[in-house]
Amino acid sequence: MRQCDNASFAEPQFQPRAMSFAQPSQVDSERRDRWAARWKGLTPLLAILISLIIIDVSFWAIVPDKAPLSLPRYEQMAATAKPDRPWLVLIGSSRGRDAVSEELLAEELERAGLPHQGFNLSIGGGGTPSLLYAALADLTPVLKAMPAGSRVIYLFSYFEMNFLQPGLLGDLPTGRELIVKAGMDPPVTWTSRLATLSGIAAFAEAEGWKAWPAPMGRLLQASSERLLLKRKLAACNDAGQHDYQVLEINDWSMRALARSLGGSLLIAPMPVGPMQQQDDADHGVDVGGSAYLDKFSRDTGVPIVADFPQRVGLPADAFVGNCDHLTRPEDKRMLARAVLELLK
Amino acid sequence: MTFNSIAFLCFFSVVLIVTWAIGADRWRWRFLLAASAVFYGWWDYRFLALVAAVVAVGYLGGLAAGSGRPEKTRSRAVTLSVILLLALLCFFKYFDFFTQNLALLMPGSGWQSLNVILPVGISFFVFHAISYVVDVRQNRLDAEPSMTAFALYISFFPHMIAGPIVRATDFLPQLRAGWRPPTADEMAGYAARFLWGMFKKVFIADRLGHAIVDPVFANPTEASAALVIIAVLAFGIQIVADFSGYSDMAIATAGMLGIRFRENFLAPYTAASPQEFWRRWHVSLSSWIRDYVYIPLGGSRGGRVRVACNLLVALTLSGLWHGAAWTYVLWGTFHGAALVVNQAWRRAGWFQIPPLVGWILTMTTIFMAWALFRAADLGQLGQLMAAFGESRPMTFIPVGAMVFAGLCTLLILAEHVVLRWLETKESPGFLALPVPANIAWGIGIATFLLATDVPSLGVRNFVYFQF
């Protein structure tokens, strides 16, 4: 059995010791030595702290310049486009991205005898594509320098208007600025707080490693949609149906897009299947969405082709996949031809 | 407040400096007790009353069960204390589980869930108190006369929330012997160890969870069989990184404050048998279960059936300790069954399984059991298992995620190899490097974590916080 002396908790007792006979300076010196010996134990922590401060300062040398927002596809387009022929640029969400490939677009443009070069810059995964395009148009000269006669067609889905992902946006090099510009609170992180003070924070902020590695997209999307919506029906469209509202940031980005692209912009709602149409009607999405687009058109002068879904005339069984993505070649071709009709 | 938060780093910096600056031990322990109350109260100050109740029961139980009293009084005191402590644990942790299952069995019984909030770390601090009272009764330790010392033992913040389960026989003598500040050598080692634990938690465990494990377990009806296997393997890496990372941080935090803890993980994935796995995984819990459940039940004394029953009961209770859910019960029973088979094989003495074959069999068992552990409920588990019987499209996995999973596996394996090597040097635990090497190692990890934006990921709780 261990002896319990409880020394640490005993009341201090007076005990005449040898120390009493020592010289005061000697006592002070011993005390100082003991004190110094104790604090010496903390020197490794101090060394780590000081080294980190030095490293932090030196990190400023490798912080990359904040490059304008860019998408690899966008840069590729800018590099390959011929300046003497007008462009036809499709933008929007994954519905447009999956439905009209650039090969199909080129084929149909040639068949229709149109001189345009076709590009599809649609973005998958929601996340307010209009904002990204607005940023592109705002920050880079390429869209502004389109050859005469060029057209940007926004294949617009209502759900985009409130499918905002501030986290995703905050990951983009200029996303945070855009969020602030739109009058919203950006997601606050350690790096965003200290990005102007700390070299490491600025580096981390610019490199955006926090999203690495990318999770399994489809499963994660299904997961977040389920959490968000708790419904089974066409989840990605559904994002707007329970709390439909035109977020300020979307409105700002749509107007910025209109300003940047001027008369070359045209908006056409993407067709959706009967199930989604019914659900839209049940929740007032079609009424709210088209009312917003009408107002937007009046304010900015951007034409809206509200009857575009009817013009395409896709059969009901074209919409079998999640989010009403088109999968059959014949349906995709019908959509591509209808898009080209908008150029005439 | 968790170890991987900025708030904790600020809190700990203050606690560290004040602890070192205080001259008298009794004030140092009082200060650490107050700091532990702040740490726990940060989560929910109302449950400080629960901690106080556990301290009171344990303290008074210890005094009544102490040597010098009549045997009958001592026995009654320990029985009463253990019942009271288990009653608190059962109410907060298992009451809703019990009523929900009772309501399922007897729909008209009128039992209703009270939606009791599970106080964080309750399983750990209740187990601390139980082991203390039993140890006093069994004369392994004298009853602690100082309430401050005992309260600090129960609520010392490095071990309070998620272990390791520190024995009073290890902790209280350190207080009685007086504070011994760590040397510069030790301090450099603790700093490097804390950061390595942080790396395992926030870089390996959290990112693996986010990129692979969570999406699959959140979508059990969509994941293909291959994806389920990948996610379970990834969870095996995630949980060892998460919990051993936490243990590293706890041991280092306590060490920097002058309190030494025992090792909690001894390269568990190098085990060549289920028995060896339990000697290496969460050592503080498995030894607790062995000393306070398995041995009192009879341990390995008695016939084969009796021993097998003891193993099954001990491991099933260990599973239930992890959480009030059937998945944990099954997890514990599964491990218990593996131990029974292991023991039966050894007793049969047919032939010695080669170490490599033993390791493969053990790891297959352990990782299969992780599916039980990670599943939210039996329904989700069934949906995941259905992937092996039905055709589901293989979901695209980003190359980066797979490369990352491979990298994490290599890092954890490398750590295991080093830990096994240290065992041969008779110094199990963390690699003892020279001070400059530990400082350089710490600086490297800290710079890497900061530059890869880890603090911006948000604080994700440790897996064992829920227990």
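Strands E1 (residues 87-92) and E2 of chain A pair in the parallel sense over four bridges. Pairing here requires that DSSP finds at least two bridges between two strands. Helices (H or I, at least four residues) and strands (E, at least two) are DSSP runs, numbered from the N terminus. The model is predicted: local features need pLDDT of at least 70, side-chain atom pairs count only at pLDDT 80 or more, and totals for chains, interfaces and linings use all residues. Residues are numbered from 1 along each chain as its sequence is written, chains are lettered from A and ligands numbered from 1 in the order in which they are written, and side-chain values use heavy atoms, with hydrogens and water left out.

The model scores ipTM 0.79 and pTM 0.71. The predictor's confidence in each residue is given as pLDDT, from 0 to 100. Chain B averages a pLDDT of 87, and 94% of the residues score at least 70. Within chain B, confidence is lowest in helix H4 (residues 71-105), at a mean of 87. It is highest in helix H6 (residues 147-155) of chain B, at 94.

Chain A has 17 helices and four strands. Of its 344 residues, 47% are buried. Buried means under 20% relative accessible area, exposed over 50%, and partly exposed in between (1.4 Å probe, protein chains only). Chain A exposes about 17,600 Å², of which carbon and sulfur atoms supply 57%. Accessible areas come from the Shrake-Rupley method with a 1.4 Å probe; for residues, only the protein chains shown count as cover. Contact means heavy atoms within 4.5 Å. Among contacts in chain A between residues at least 6 apart in sequence, 79% join residues at least 24 apart.

Strand E2(A) spans residues 117-120, and both of its faces are covered. Gln117(A) and Phe119(A) are buried on one side, Gly118(A) and Asn120(A) on the other. Trp87(A) stands opposite Gln117(A). A further parallel pair is formed by strand E3 (residues 151-156) of chain A and E4(A), joined by five bridges. There, Tyr154(A) stands opposite Ile267(A). Strand E4(A) covers residues 265-269; five of its five residues are buried, so the strand is largely enclosed by the rest of the structure.

Helix H10 (residues 199-207) of chain A is mostly covered, with seven of its nine residues buried. Those residues are Gly199(A), Ile200(A), Ala201(A), Ala202(A), Phe203(A), Ala204(A) and Glu205(A). At the start of H10(A), a side-chain oxygen of Ser198(A) reaches to within 3.3 Å of the backbone nitrogen of Ile200(A).

Leu335(A) sits in helix H17 (residues 329-341) of chain A. Its relative accessible area is 0%, so Leu335(A) counts as buried. Beyond its neighbours within four places in sequence, Leu335(A) contacts Ala99(A), Val100(A), Met270(A), Pro271(A), Phe308(A), Val312(A) and Leu326(A). Leu335(A) and Met270(A) are 65 residues apart in sequence, yet 9.4 Å apart in space, C-alpha to C-alpha.

The largest nonpolar core has 150 residues. Such a core is a set of buried Ala, Val, Leu, Ile, Met, Phe, Trp, Tyr and Cys residues joined through side-chain atoms within 4.5 Å. Phe125(B), Tyr132(B), Phe171(B), Tyr269(B) and Trp370(B) have the most contacts inside it. Helix H9 (residues 184-218) of chain B gives the most to this core, with 19 residues. Apart from it lies another core, of 27 residues, including Leu114(A), Ile153(A), Leu266(A) and Ala268(A). Not counting residues up to four places away in sequence, Phe125(B) touches Tyr40(B), Leu50(B), Val51(B), Val54(B), Val120(B), Ile154(B) and Met160(B).

Gln343(B) lies in helix H14 (residues 326-348) of chain B. Gln343(B) counts as buried because its relative accessibility is 13%.

Ala267(B) lies between helix H10 (225-256) and helix H11 (274-280) of chain B. Its phi is near 50 degrees, a positive value in a residue other than glycine. At 0% relative accessibility, Ala267(B) is buried. His282(B) is placed in the loop between H11 and helix H12 (283-297) of chain B. Phi of His282(B) is near 45 degrees, again positive in a residue other than glycine. His282(B) is also buried, with a relative accessible area of 0%.

Notes: Polar contact = N/O pair within 3.5 Å; in protein donor to acceptor, adjacent residues only side chain to side chain.
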